[in-house]
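Subject: Structure handover

Hello,

The structure we talked about is below. My notes on what was found in it follow.

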Amino acid sequence: GLPEVKIRCGVHTGKATIGNMGFHSRLKYGVIGENSTLPGRLEELNKEYSTENLISHSTFMELRPGTFVIRPIDFINLRPH
């Protein structure tokens, strides 16, 4: 069979600015804002906690109860330093 693929994922729910940015001669599609950096920070924390998926509290609050099996990992401050 195929080799197993291991990935880590961070998920956060919040508002962000998304779209084409720049000038006509140099447009770039991107995401900006505090909420756009939090998923990457959660993804990195998977290494520290030996997990594969981490979600933020705001994402947790948007889920229907009983949809997923979720356990709390830690209370951490992911705001910019």
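Two strands pair if DSSP finds at least two bridges between them. Strands (E, at least two residues) and helices (H or I, at least four) are DSSP runs, numbered from the N terminus. This is a predicted model, in which local features need pLDDT of at least 70 and side-chain atom pairs count only at pLDDT 80 or more, while totals for chains, interfaces and linings use all residues. Residues are numbered from 1 along each chain as its sequence is written, and side-chain values use heavy atoms, with hydrogens and water left out.

Strands S2 (residues 17-23) and S3 (residues 26-32) are paired antiparallel, over seven bridges. Ile18 has Val31 in S3 as its bridge partner.

Ser56 sits in the loop between strand S4 (53-55) and helix H2 (57-62). Ser56 counts as buried because its relative accessibility is 11%; buried means under 20% relative accessible area and exposed over 50%, with partly exposed in between (1.4 Å probe, protein chains only). Leaving aside residues up to four places away in sequence, Ser56 touches Val11, His12, Thr13 and Leu42 (contact: heavy atoms within 4.5 Å).

Phe68 is in the segment after H2. With a relative accessibility of 54%, Phe68 counts as exposed.

Regards
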